[in-house]
Amino acid sequence: MAQPAETVVDRPESEQDLVVVRNMKKYFPITGGVFQRVMGWVKAVDDVSFNIQEGETLGLVGESGCGKTTCGRVLLRLLEPTDGEVIFQGQEVFKMRRENLRRLRRDMQIVFQDPYASLNPRMTVGEIVGEPLRIHGVGSRSERRERIQQLLETVGLRALHSVRYPHEFSGGQRQRIGVARALALNPKLMVLDEPVSALDVSIQSQVLNLLEDLQQEFSLTYLFIAHDLSVVRHISDRVAVMYLGQLVELAAKETLFDNPQHPYSQALLSAIPVADPEIQRGRRRIVLEGDVPSPSNPPSGCHFRTRCRHAMPQCAEEKPPFRDYGDHHFVACWLLE
């Protein structure tokens, strides 16, 4: 049987790669006692590697608590990493000093999941959208005002909305405001942290279409974090599946949805409802048994083995390599060896 290899990125580095993530880790300390000593670690992101090509959308999916959001925030260095590296346009993000990192913020932005908590209720929409421009000293006051109006119209709002407050808008409109704020500095990369999960289904499609239009218009690159697989299939070019802080599969969208190789990916895709009752009746739902293990004490070897119907003795002994099994289809599973 093949020996385990080091984790590898999903394709060789090239000039088209906007972001390269190598062996990224983020552990949160568990403290206790009178002196708050470190008793253990929550391994939220544990040795994750991937690339994102310029202009593409990489979907990142998995169950709640698997580390998707933490992965996106560490990539942007909103959270300090434990280990690993992120290379953005040839620059090592984790080694940057504060001033260089501040300049890099113009090229890397985020849209948060909750459109209610992510907007300051004490600021007008104009102040919210114009805040990045003011912080980075972009333009005069009149130029910033003109830019704010332009951004609001770009995301489907009106210029007069700039004097209103967030509580006067619906959830979908608030998320548009968040998108406008993220666009203010003309970024190259946007991390979309479940941007439509808090919205009604009828509004979700509008926001998704807006994001696709903006990507074409401004040549944006997306890391799209979500747990709704139908949404991910609609917007993504490639999809990465995450389980308990680690990537278990990564492939082109159609490849992953038509031919998933990892047992966890197969279980996730089997749960997607189909509108046609005849097709739905013929499908077999894969039900995962047991609960997700704690990231503070993950299983040895393959993290998924405690819920996998194909688990073998080797799964408990060694961590499977995240390996290319053809056509840039990466899987971490001993079954494929």
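Residues are numbered from 1 along each chain as its sequence is written. In this predicted model local features need pLDDT of at least 70 and side-chain atom pairs count only at pLDDT 80 or more, while totals for chains, interfaces and linings use all residues; side-chain values use heavy atoms, without hydrogens and water.

Reader: How many salt bridges does the structure hold?

Author: A salt bridge is defined here as a side-chain nitrogen of Lys or Arg within 4 Å of a carboxyl oxygen of Asp or Glu. The number of salt bridges in the structure is eleven.

Reader: Is K95, which forms a salt bridge with E92, buried or exposed?

Author: The closest N and O atoms of K95 and E92 are 3.3 Å apart. Buried means under 20% relative accessible area, exposed over 50%, and partly exposed in between (1.4 Å probe, protein chains only). E92 has 31% and is partly exposed. K95 has a relative accessible area of 67%, so K95 is exposed.

Reader: In which helix do R103 and E99 both lie?

Author: The side chains of R103 and E99 form a salt bridge at 3.8 Å, N to O. The two residues are four residues apart, about one turn of the helix. Helices are DSSP runs (H or I, at least four residues), numbered from the N terminus. The helix that holds both R103 and E99 spans residues 98-104 and is α2.

Reader: Which residues are linked with R233 in a network of salt bridges?

Author: R233 forms a salt bridge with E254, with the closest N and O atoms 3.2 Å apart. This pair links distant parts of the chain, 21 residues apart, with R233 in helix α7 and E254 in helix α8. The residues linked with R233 in the network are E254 and D258.
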